Amino acid sequence: MERGTMAFERGSVMRGVAAGVLALSMLGVSACSSNKPPKTFSTQSDEPGLNPFKRFGGGGRAPATEGSIGVNGYLWRASLDTLAFMPLASADPYGGVIITDWYVNPETPAERFKATVYILDTRLRADGLNVTVFKQSKDVNGNWVDAPVADQTATDIENAILTRARQLRLSNIKG
């Protein structure tokens, strides 16, 4: 064989391979299209298949309704109602965190308070709630300085929230 024919044969083989790859890729892309609506996926499924968490008793979460929050609704509403006198800095209903901004009582303008509420459970329980209170006082120069808070303050707010949550639950059951 001569040198010129070898290059011609190699070139025609490469063109054939390139054409084959192009045809297969076009076939693959066209196979992706469909007239069916897109399938929606969820994190929990009752379909048969491998679910490593079901084997050990996991995966049994209650189904969340659309638009629901991630914590107990009564505790959430009661926390917002109880702390309504304080300015709200942020509220995360899915994580269960409410953070207020600093509140200055007009009767004592030399001190201010801030509260953080953590709702830890989806059930209405006393241990499903944690309140942290921060206090600052003005020093002689007029600067805000951290001050200790009585332990009873956070407990009193927790009790007020729990009482309000029970009231909301009872009014929902009766009404």
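Colleague: How many salt bridges does the structure hold?

Modeller: The structure holds six salt bridges. The term stands for a side-chain nitrogen of Lys or Arg within 4 Å of a carboxyl oxygen of Asp or Glu. Before we go on, this is a predicted model, where local features need pLDDT of at least 70 and side-chain atom pairs count only at pLDDT 80 or more, while totals for chains, interfaces and linings use all residues. Residues are numbered from 1 along each chain as its sequence is written, and side-chain values use heavy atoms, with hydrogens and water left out.

Colleague: What makes Arg77 and Asp81 a salt bridge?

Modeller: Their side chains come to 3.2 Å, N to O, and the limit is 4 Å, so the pair counts. Arg77 and Asp81 both sit in helix α2, four residues apart, about one turn of the helix. Helices (H or I, at least four residues) and strands (E, at least two) are DSSP runs, numbered from the N terminus.

Colleague: Why is Arg77 called partly exposed?

Modeller: The classes are buried, under 20% relative accessible area, exposed, over 50%, and partly exposed in between (1.4 Å probe, protein chains only). Arg77 has 41% relative accessibility, so it counts as partly exposed. Asp81, with a relative accessible area of 29%, is partly exposed too.

Colleague: Which parts of the chain does the Lys135 and Glu111 pair link?

Modeller: The side chains of Lys135 and Glu111 meet in a salt bridge at 3.3 Å, N to O. This pair links distant parts of the chain, with Lys135 in strand β5 and Glu111 in strand β4, 24 residues apart.

Colleague: And what joins Asp121, Arg123, Arg125 and Asp127 into one network?

Modeller: Salt bridges that share partners do that. In one of them, Asp127 pairs with Arg125, the closest N and O atoms being 2.8 Å apart.

Colleague: How do you know that Arg112 has no salt bridge?

Modeller: Lys and Arg count as positive and Asp and Glu as negative; His and the chain ends are not counted. The nearest side chain of opposite charge to Arg112, Asp101, is 6.8 Å away, and the limit is 4 Å, so no salt bridge is counted for this buried residue. Arg112, in strand β4 (residues 111-119), does make a polar contact through its side chain with that of Gln136, at 2.6 Å. A polar contact is a pair of N or O atoms within 3.5 Å; within protein, one must be able to donate a hydrogen and the other to accept it, and residues adjacent in sequence count only if both atoms are side-chain atoms.

Colleague: Why is the pair of Phe85 and Tyr103 called edge-to-face?

Modeller: Rings of Phe, Tyr and Trp (its six-membered ring) pair if their centres lie within 6.5 Å; planes under 30 degrees apart count as stacked, over 60 as edge-to-face and the rest as tilted. The centres of Phe85 and Tyr103 are 5.1 Å apart and the planes are at 85 degrees, so the pair is edge-to-face. A search of the whole structure finds one aromatic pair. Phe85, at 48% relative accessibility, counts as partly exposed, and Tyr103, at 21%, also counts as partly exposed.

Colleague: What is in the largest nonpolar core?

Modeller: That core has 19 residues, and Ile161 is one of those with the most contacts inside it. Helix α3 gives the most to this core, with six residues. A nonpolar core is a set of buried Ala, Val, Leu, Ile, Met, Phe, Trp, Tyr and Cys residues joined through side-chain atoms within 4.5 Å.
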